[in-house]
Amino acid sequence: MAVSPSLISVFRGLRGRCPECGKGRLFAGYLKQAPGCSVCGAATGEIAAEDGPPWLTVLMLGPLLAALTFIAARHEDWPLWMRLAGLGTFAVGAVLILLPRIKGGLIGVLWGMRPPA
């Protein structure tokens with residue numbers, strides 16, 4: 001079964017690679033988009049993800065963090081500082097790990113939706 005080119009561009013974006021060729025880097029920094037692909041020359045910097053990636057990150061992590069908060073609240077034998085430090089560390093770490101991947105995936109979605117040249 002063949003995979004659609006739009007889906008391939010999403011997977012490439014999730015890996016932080018150019019949605020066109022899959023070889024060049026999509027980001028010049030943590031979240032700063034490169035102006036173009038260094039391999040194929042695709043103008044990936046023109047795709048504006050805007051507020052979508054933070055919104056999707058919160059939408060994905062919110063239910064998980066709420067569940068973990070309720071679970072941590074049930075463990076009253078653990079000190080409060082330990083529960084809060086663990087939850088805070090997990091929340092910040094998860095956001096830092098997921099945000100660039102979600103932004104790359106969203107750029108891949110927008111790249112796959114552009115009209116054919």
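Trainee: Is E20 buried or partly exposed?
Mentor: This is a predicted model, in which local features need pLDDT of at least 70, side-chain atom pairs count only at pLDDT 80 or more, and totals for chains, interfaces and linings use all residues. Residues are numbered from 1 along each chain as its sequence is written, and side-chain values use heavy atoms, without hydrogens and water. Buried means under 20% relative accessible area and exposed over 50%, with partly exposed in between (1.4 Å probe, protein chains only). The relative accessibility of E20 is 39%, so this residue is partly exposed.

Trainee: With which side chain does R114 meet in a salt bridge?
Mentor: A salt bridge is a side-chain nitrogen of Lys or Arg within 4 Å of a carboxyl oxygen of Asp or Glu. The structure holds one. For R114, the N to O distance is 2.8 Å, and the partner is E20.

Trainee: How many residues apart in sequence are the parts that this pair ties together?
Mentor: R114 lies in the segment after α3, whereas E20 is in the loop between α1 (5-14) and α2 (52-74). Helices are DSSP runs (H or I, at least four residues), numbered from the N terminus. The pair therefore ties together parts whose separation in sequence is 94 residues.

Trainee: Which residues does G108 touch, not counting residues up to four places away in sequence?
Mentor: G108 belongs to helix α3 (residues 80-113) and is buried, at 0% relative accessibility. Contact means heavy atoms within 4.5 Å. With residues up to four places away in sequence not counted, G108 touches S6, S9, V10 and P19.

Notes: Helices (H or I, at least four residues) and strands (E, at least two) are DSSP runs, numbered from the N terminus.
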